Amino acid sequence: MPELERDFRKAVVYQVYVKSFCDTNGDGLGDLPGITSKLDYLKHLGIDYLWLTPFYPSPQRDNGYDVSDYCAVDPTYGTMADFEELVAQARKRGIGIMLDMVLCHTSVKHEWFRRALMGEERYRNYYILRDGRGSTGPDDPGEPPTNWQCVFGGSAWEWVPRLGKWYLHLHDRSQPDLDWRNPEVRDELVNVVRFWREKGVSGFRFDVVNLISKPEVFEDVPGSGSACRSLVADGPHVHEFLKELVERSGIDGMMTVGEMASTNLKNCVRYTNPAEHELGQVFNFHHLKVDYKDGNKWALQEPDIAKMRAIFSTWQEGMQMGGGTNALFWCNHDQPRAITRFGGRERVGELGGSWEKVGKTLALCTHLMQGVPYIFQGEEIGTTNAGFTAIDQFRDVETFNNYRTLLSEGKTEAEALTIVNERSRDNGRTPMQWTAEKNAGFTTGKPWIGLPDNYDRVNVEAEIDKPGTLWSFYRELIALRKEHEVISHGTVRFVDAGPAAPKVVAYERGVAGEHLLVLCSFDGAPCRVSCEDSVVDLARSEVLVGNYDDVQADAASDTVTLRPYESVAFIQR
Ligand code: GLC
Ligand code: CA
């Protein structure tokens with residue numbers, strides 16, 4: 001029963017990292033019954049959809065994004081009956097379930113790949129197999145066909161002696177890419193989406209879906225080979241493949257979002273303009289790469305707020321112009337915690353005064369934008385980075401690969417640890433912090449990965465329904481989007497906050513004579529915002545929501561003084 005007529009602009013999505021949300025059988029891993037047991041919590045927060053990360057059978061080389069059976073539940077997480085119960089219980093509460101479709105690659109353990117390895121012609125054609133460069137015959141690998149590097153480090157090609165060929169894997173070596181040019185592959189994937197749609201899910205998130213159409217010609221990229229992502233992203237048939245998948249699986253108009261690696265505005269407009277019949281929204285990552293030194297994730301730098309503001313402005317106004325829709329987010333299971341990233345390690349680490357302010361500013365900044373806000377589990381309570389002290393506390397394949405690379409480049413173990421502590425995806429994968437009890441109430445057993453040691457203060461129990469907490473602020477923002485057309489449907493325009501506010505993101509929204517001016521300071525010091533560029537007149541407006549008890553607005557000079565990490569939205573009716 002797809003919900004075709006629903007207006008997504010009032011919706012808020014909550015992402016559950018299944019493995020780390022709630023464990024009901026004490027094995028240290030979250031499970032489907034655990035999610036069902038927390039539906040009332042989610043309903044109370046006010047969210048409309050739950051995106052669940054993959055819970056399909058998988059060897060877990062990449063935490064479930066290496067799928068070995070698309071249409072089943074891994075027993076670790078429960079049964080198909082548990083899933084059906086979750087869908088039914090969610091629906092009762094008006095919550096739709098969105099599933100993660102990892103259709104760019106399978107696991108090497110998937111039956112298709114196993115049969116390809118046995119030499120079955122049909123399944124060999126499901127994958128991307130090539131001869132080695134300079135190879136003299138099937139027994140001679142030669143060199144990998146191109147210099148492409150996979151996302152997690154190392155060559156994107158793996159040699160299969162048995163077939164005398166290399167296969168392409170843009171991600172881990174255990175994740176061979178599917179050949180979407182093959183119509184049989186596309187048929188199979190349509191069936192996967194239909195299967196879940198028929199189970200009553202309300203939407204889908206498509207994993208790295210702009211990498212499904214590979215370039216016509218495979219050639220080297222300049223430099224180290226990591227630039228291959230921009231070569232492979234938004235490939236020649238990507239829109240055609242997406243349209244076909246959406247149409248044939250019957251999901252046009254449902255709640256859908258695509259994860260887009262190294263993409264651009266022009267393509268994202270096409271992916272999401274309803275006239276194209278592709279997807280509902282897109283995730284892009286440009287605004288999060290502002291703390292990558294020279295574009296390198298594994299080199300640290302303070303976030304460049306001016307750059308981030310420019311990116312937001314380009315994407316907000318550009319998507320609006322093209323009739324597309326952004327997914328609005330800071331955190332997911334691949335990102336370190338934004339509150340640590342943007343709030344400064346020490347201040348947030350100590351949970352000093354600015355921790356809660358930073359969390360609220362992050363929330364306000366994206367929740368009042370145009371698009372669909374996504375909350376990642378734990379974000380609503382201000383979960384910080386993990387703060388691990390030894391490499392063996394990590395679990396992620398990408399972290400280990402890059403830790404090794406950092407050491408081989410001459411970094412000391414301490415230096416390498418500092419970097420992975422900031423950048424590891426495991427920061428986003430620690431267990432949900434429910435209470436101050438042992439393991440934060442996530443499990444009665446031993447959690448599969450450790451928790452930040454501040455969970456005794458940062459947990460749901462400590463914040464839920466209490467005035468002034470970050471949790472209550474999230475609840476308020478979710479409710480405001482449903483109440484105010486200016487937030488859900490308004491136009492957006494970025495505002496020049498003036499030279500005295502270099503770290504302020506400022507924008508306005510407007511609908512039918514109603515205007516909103518949003519000011520978010522990412523500055524640890526006070527600053528002075530000029531509101532001259534805005535249509536909002538401070539003298540005629542009132543505060544809709546903010547993270548300090550009062551505001552320091554001066555209508556005479558048309559300025560607002562923002563204190564450290566202050567954010568505020570003025571409404572003029
Ligand atoms: C996406 C997922 C990530 C995964 C990768 C490969 O980026 O979010 O967790 O490792 O795709 O499937
Ligand atoms: Ca469990």
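The model is predicted: local features need pLDDT of at least 70, side-chain atom pairs count only at pLDDT 80 or more, and totals for chains, interfaces and linings use all residues. Residues are numbered from 1 along each chain as its sequence is written, chains are lettered from A and ligands numbered from 1 in the order written, and side-chain values use heavy atoms, without hydrogens and water.

**Stop 1: the ligand**

Select ligand 1. It is surrounded by 14 residues (a heavy atom within 4 Å). Asp62, Asp207, Glu259, His333 and Asp334 are the closest. By class, three of the shell residues are nonpolar, four polar and seven charged. Here Asp, Glu, Lys and Arg count as charged; Ala, Val, Leu, Ile, Met, Phe, Trp, Tyr, Cys and Pro as nonpolar; the others, Gly among them, as polar.

Now show side chains. Each of the next distances runs from a polar side-chain atom to an oxygen atom of ligand 1:

- Asp62: 2.5 Å.
- His333: 2.8 Å.
- Arg205: 3.1 Å.

How much of ligand 1 does the protein bury? Alone, ligand 1 exposes 300 Å², and 96% of that is buried by the protein (Shrake-Rupley method, 1.4 Å probe).

**Stop 2**

Colour by strand (a DSSP run of E, at least two residues, numbered from the N terminus). Eight strands form an open sheet, ordered S9-S8-S7-S3-S2-S1-S13-S12, with parallel pairing. At the edges are S9 (281–283) and S12 (327–328), each pairing on one side only. Strands pair if DSSP finds at least two bridges between them.

Zoom to S2 (residues 49–52) and S3 (residues 96–101). Four bridges join these parallel strands. Leu52 stands opposite Leu99 in S3.

**Stop 3: the hairpin**

Select S10 (residues 292–293) and S11 (residues 296–300). They pair in the antiparallel sense over two bridges. Lys293 faces Asn296 in S11, standing opposite. Two residues lie between the strands of this hairpin, where Asp294 takes a positive phi near 50°.

Notes
Polar contact = N/O pair within 3.5 Å; in protein donor to acceptor, adjacent residues only side chain to side chain.
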